[in-house]
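This report takes up the sheet, the pocket and the helix of the model shown below, in that order.

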Amino acid sequence: VSSGSNYISPYTGMKNRIINGAMMIDQRNAGASVTPSSDGYIVDRWQYAASQTSKFTWQQNKGSVTPPSGYKNYLGGSVASSVSVGVSDYFAIVQPIEGLNVYDLAWGSANAKTVTLSFQVYSSLTGTFGGAINNSGSTRSYPFTYSIPVANTWTTINVTIPGDTTGTWLPTNGIGMFVIFGLGSGATYSSSTVGSWGSTYYTQSAGSVSVVGTNGVTFYLTGVQLEVGSTATSFDFRSFGTEFALCQRYYYQIGGAYSGVSY
């Protein structure tokens with residue numbers, strides 16, 4: 001809509017509910033490689049969750065491949081030690097989203113809004129991969145699948161997820177939801193039903209690719225966006241300063257590589 005010489009955008013607010021979806025901010029490691037002994041954050045807002053220690057190595061821009069057009073960074077992981085995945089094992093990349101950033105979705109009510117998850121993914125493996133959306137209480141889960149048809153090539157993925165009309169979704173500064181990319185899970189955390197809401201905690205779909213099962217396998221991710229609606233739109237590139245400030249709400253490193261501030 002235009003009025004005279006002024007242009008008014010049809011969108012206001014934070015379109016992308018994911019923070020650091022383009023993997024720009026890495027306060028803890030400043031681009032260094034890490035092999036987490038257990039659960040922990042790898043780049044800002046992105047958590048590595050695992051039932052066994054020291055199985056993945058993570059790094060911002062690991063492997064130095066060319067990012068997708070328009071992107072500067074990605075999160076890269078490689079299998080440091082292959083795993084025979086047990087029934088209760090799980091390996092995943094997770095972003096917890098604050099409830100105050102998604103309360104308008106009205107999940108847990110008859111007015112629940114549909115969302116679309118989109119991202120760019122690159123792996124040395126091909127096939128059907130899995131992930132899930134979960135609530136903070138681990139009582140609601142939406143497992144989904146996506147396909148990587150060609151190895152070592154950036155692939156654009158769009159997954160549309162209907163809003164959950166039941167369950168408890170915290171509208172507070174606690175965790176509103178988890179967005180999960182599965183890297184290998186046993187039967188306890190793998191769902192045989194995908195594309196619908198259920199009451200059991202899952203990290204991925206049954207039969208999806210077990211990334212952690214092969215030594216040296218790579219898995220790279222960037223451009224992650226979660227937005228309202230049934231169609232994926234262009235990635236919401238926020239300024240570096242804005243993205244950095246959003247990350248600092250949850251973690252602030254005084255005198256770190258990114259601060260540029262004297263105290």
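In this predicted model, six strands make up an open sheet whose order is 3-4-7-12-9-10, with antiparallel pairing. Strand 3 (40–41) and strand 10 (141–148) lie at the edges with a single partner strand each, so that one side of each has no neighbour in the sheet. Strands of a sheet pair through backbone hydrogen bonds, in either a parallel or an antiparallel way. Within this sheet, strand 4 and strand 7 run antiparallel and are joined by four bridges, and A49 is found opposite A92 of strand 7.

A49 and A92 also belong to the lining of the largest pocket, together with D39, Q47, Y90, V94, F178, I180, Y189, Y201 and T203.

Strand 7 makes the greatest contribution to the lining, with three residues. The volume of this largest pocket is about 150 Å³, and its lining, sorted by class, comprises eight nonpolar residues, two polar residues and one charged residue.

Which residues of helix 1 are buried? In this helix, which covers residues 240–248, E243, F244 and C247 are buried, that is, each has under 20% relative accessible area. Viewed down the axis of helix 1, the buried residues fall within an arc of 100 degrees, and therefore they line one face of the helix. In an α-helix there are 3.6 residues a turn, so residues three or four places apart point the same way.

Notes:
Residues are numbered from 1 along each chain as its sequence is written. This is a predicted model: local features need pLDDT of at least 70, side-chain atom pairs count only at pLDDT 80 or more; totals for chains, interfaces and linings use all residues. Side-chain values use heavy atoms; hydrogens and water are left out. On a 1 Å grid over the protein atoms alone, a cavity is a set of points where a 1.4 Å probe fits but cannot get out, and a pocket is an open set with protein on both sides within 12 Å along at least five of seven lines; lining residues have an atom within 4 Å of a point. Grid points are joined across faces, edges and corners, and a volume is the space filled by probe spheres set on the points. Helices (H or I, at least four residues) and strands (E, at least two) are DSSP runs, numbered from the N terminus. Ala, Val, Leu, Ile, Met, Phe, Trp, Tyr, Cys and Pro count as nonpolar, Asp, Glu, Lys and Arg as charged, and the others, Gly among them, as polar. Two strands pair if DSSP finds at least two bridges between them. Buried means under 20% relative accessible area, exposed over 50%, partly exposed in between (1.4 Å probe, protein chains only). The arc is that of the directions from the helix axis to the C-beta atoms.
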